[in-house]
Amino acid sequence: MARLYRFQVCKTDRSNRWSRFGEPSMTSHEARLIMNDDREKNNPAQSAEYAIVDLSENRVIDWRKAA
């Protein structure tokens with residue numbers, strides 16, 4: 001049986017550890033919207049990094065630095 005919520009946004013914290021951010025989403029487009037929305041809200045000097053993980057294949061499909 002396939003997972004309904006397949007994509008997860010992960011974000012680094014101040015100690016450079018990855019943690020899950022937000023709720024899992026059904027589409028990669030929805031995960032990108034969550035990531036981009038948070039990137040726009042953050043201070044540009046903040047050194048956060050984001051990754052979108054495909055949970056069904058356990059691989060990173062997109063990675064961005066906060067800007």
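## Hairpin of strands 1 and 2

In this predicted model, strand 1 and strand 2 make up a hairpin with 5 residues between them, and asparagine 16 in the turn has a positive phi of about 60°; helices (H or I, at least four residues) and strands (E, at least two) are DSSP runs, numbered from the N terminus. The two strands run antiparallel, with 5 bridges joining strand 1 to strand 2 (residues 18-25), where pairing requires that DSSP finds at least two bridges between two strands. Phenylalanine 7 lies opposite serine 25 in strand 2.

Residues are numbered from 1 along each chain as its sequence is written, and side-chain values use heavy atoms, with hydrogens and water left out. Because the model is predicted, local features need pLDDT of at least 70 and side-chain atom pairs count only at pLDDT 80 or more, while totals for chains, interfaces and linings use all residues.

## Nonpolar core

Phe7, Val9, Ala31, Met35, Ala48, Tyr50, Ile52 and Ala66 are the 8 residues of the largest nonpolar core, a set of buried Ala, Val, Leu, Ile, Met, Phe, Trp, Tyr and Cys residues joined through side-chain atoms within 4.5 Å. Strand 1, helix 1 (28-41) and strand 3 each supply at least two residues of this core.

Key: Buried means under 20% relative accessible area, exposed over 50%, partly exposed in between (1.4 Å probe, protein chains only).
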